[in-house]
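Visitor: Could you walk me through this model while I have it open? I'd like to go piece by piece.

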Amino acid sequence: AGRGETVRLDAVVVGAGFGGMYAVHRLRERGMRIVGIEAGGDVGGVWYWNRYPGARCDLMCVDYSYSFSPEIEQEWTWSEQFAAQPEILAYANFVADKLKLRDSIRFNTRVTGAVWDEDRQLWSVTVDDGTVYEASYCVLATGPLSIPKDPEIPGLADFGGELYRAQKWPHHEVDFSTKRVGLIGTGSTGIQIVTEVAKDVGEFYVFQRTPSFTLPMRNDKLDPDYVEEIKAHYAGLRAAANASALGGVRPSTTRPYFSLPPRQRRQLMEDAWRMGGHAFLGTFSDLLTNPDANEQVAEFVRAKIGEVVNDPETAEALKPKGYPIFARRPCLDTDYYEMFNRPNVHLVDLLKDPIAEITPTGVRLAGGTEVALDALILATGYDGLTGAMMAFDIVGRDGANLRDKWSHGAESYLGLMLAGFPNLFMVCGANGPAALANIISINEQNVNWLCALLDHMEAEGLGTFEPTPQAEARWMDLVHTLAEKTLLSKAQTWYVGANVTGKTRGLTMFTGGFSKYCEHCATAAAGGYSELVFRPAVSLVEA
Ligand code: NA7
């Protein structure tokens, strides 16, 4: 393809992270003519971009890996319980090589617009070199976390030192050993950066607004015998993952906090702290539904912070208060709190003294303190869930723009499709389980569901699908009803759109758990997709 050329296809897949890679594979397997469009230079999505020091997945790789290919499961060997970014990216590359995915993907290419042509039943997808892809289906695997969000701090553009964004980290090592380095943002990303950069840095200033809860990861190398055992039992592990709330094999329990005497509760929390990883999920069943239980667990973690951090003022500032634990995704860390005992690591508490501006030479606080910096790292998060789909024009039937449809919040059917936007499919879209379950499980399930729908349409001679507005409204009712029952809405996070000025607030994720979500999708498909409207295929004049 070249500038201005029009190419006729069956489907365009936008994004080549784990969701897009799998969509490319499955659609191509069905014999469809497709192209993948990816802004990055290669596959991997979030793992392609996020090369910052300390980048690591907080799900165990036994879960956080494709389940569709027994061959890939057997040929690939993970080295650690929780894999670091280079290993996950190597895995993505391994899969891409094995399935020859790159033959069907255009890299360093960005979609600039997608417009539905009702008469011809196809999407016109324009990319930044001017090529137009006309395709019956448009699959958006653009990722819930792919549009970085810079902090809205005056003077950022004038900073004269080295500026790094976690999500656009350079492809080479950065040496901070003699530098004065600042970091803004202490979510999962910032916490991971702290644990790595603090090991070898001149002076390190961590600018913290809201402290996050973080729990010990207790990561470990995987024993070869254990790996063999996993490989022998993958089928069972995957089945268990798919039947679980989180789409992964994790501890779980039906035991509410106050059903146990205080000594036993305490013991369970101590054990979970010592075991690390996801052990807290196995402590109590009502962590996210009972505010009193939640507060007791939060207090336990705060006390641990106090035990680890030597300086009482720093310890106090690191203790999260005023929102429930687990309402922000807790990070899993290795020695995060310990790092603040190093003489060259300084916590700057922005709740006491906020940043007034970024200057050419550093950061100036409202109280007048100037922090001189050679380098500044931004780990200020993403325009989550909807950002990537709002970054270009998506125009459905009758000129309806997605930006208008979503101007009062993201609405969708099953997190997969949109009323008024025929043949548009989202992988891991807003109002699905998104960040609340294993995203690779969600990706696979979503794409499998799409393929079954396409099989149905092919068998019936159908050309377009689309959910009815009523079906979308029903799904959104369910999403909202469930959201009200969880403490997840009770913190100011990207989960609820709180980090983007002007964004409609509200939890646009399905909080009923992965297995329930799969059930809803299966019910929707059973009996011929009664909540979708189909139109017969028109015979197309080839472009
Ligand atoms: P998050 O979790 O959205 O964290 C962003 C952090 O950046 C958070 O601590 C913010 O503080 C901070 N932030 C944002 N803007 C500012 C300004 N202006 N000043 C100071 N601090 C600021 O993003 P992550 O990348 O860490 O994690 C995203 C997901 O990736 C995570 O949920 C996991 O699923 C993996 P705030 O809380 O707004 O006070």
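Visitor: How much helix and strand is there over residues 10-223, and how far apart are the end C-alpha atoms?

Guide: Residues 10-223 are 21% helix and 24% strand, with 45 Å between the end C-alpha atoms; helices (H or I, at least four residues) and strands (E, at least two) are DSSP runs, numbered from the N terminus. The UniProt annotation "domain: FAD/NAD(P)-binding", from an unreviewed entry, covers this stretch, and such annotations may be inferred rather than shown by experiment, with positions given in the numbering used here and feature names shortened.

Visitor: What should I keep in mind about the model itself?

Guide: It is a predicted model, in which local features need pLDDT of at least 70 and side-chain atom pairs count only at pLDDT 80 or more, while totals for chains, interfaces and linings use all residues. Residues are numbered from 1 along each chain as its sequence is written.

Visitor: How many helices and strands does the protein have?

Guide: The protein has 16 helices and 20 strands. Its radius of gyration (over C-alpha atoms) is 24 Å, close to the 24 Å from the globule rule for 543 residues, so the protein is as compact as a globular protein of that length; the rule is 2.2 Å times the number of residues to the power 0.38. Along the principal axes, the C-alpha trace spans about 75 × 55 × 45 Å.

Visitor: What share of the residues is buried?

Guide: Of the 543 residues, 45% count as buried, where buried means that 20 or more other C-beta atoms lie within 10 Å of the residue's own, exposed means 12 or fewer, and partly exposed is in between, with C-beta atoms placed from the backbone.

Visitor: Why does Ile 394 count as buried?

Guide: Ile 394 counts as buried because it has 26 C-beta neighbours inside 10 Å. Ile 394 sits in strand E17 (residues 393-395) and, leaving aside neighbours within four places in sequence, is in contact with Ala 114, Met 389 and Leu 402, contact meaning C-beta atoms, placed from the backbone, within 7 Å.

Visitor: Switching to sheets, what is the strand order in the parallel one?

Guide: Five strands form that open sheet in the order E7-E16-E8-E9-E12, with parallel pairing; two strands pair if DSSP finds at least two bridges between them. Strand E7 (162-165) and strand E12 (345-349) are the edge strands, each pairing on one side only. Strand E9 (residues 203-208) and E12 pair over five bridges, and Gln 208 has Asp 349 as its bridge partner in E12.

Visitor: Which strands does helix H5 lie across?

Guide: Helix H5 (residues 188-197) lies across strand E8 (180-184), E9 and strand E16 (375-378), running at about 160° to E8. Axes here are lines fitted to C-alpha atoms, for helices over the stretch in contact, and angles run from 0 to 180 degrees between N-to-C directions.

Visitor: And which residues of helix H16 are buried?

Guide: In helix H16 (residues 514-529), the buried residues are Phe 514, Tyr 517, Cys 518 and Ala 524. They cover an arc of only 125° around the axis, which puts them on the same side of H16; the arc is that of the directions from the helix axis to the C-beta atoms. On the other side of H16, Glu 519, Ala 522, Thr 523, Ala 526 and Gly 527 are exposed.

Visitor: What covers the buried side?

Guide: The cover over the buried residues of H16 includes helix H7 (234-242) and helix H14 (439-460).

Technical notes
Two residues are in contact if their C-beta atoms, placed from the backbone, lie within 7 Å.
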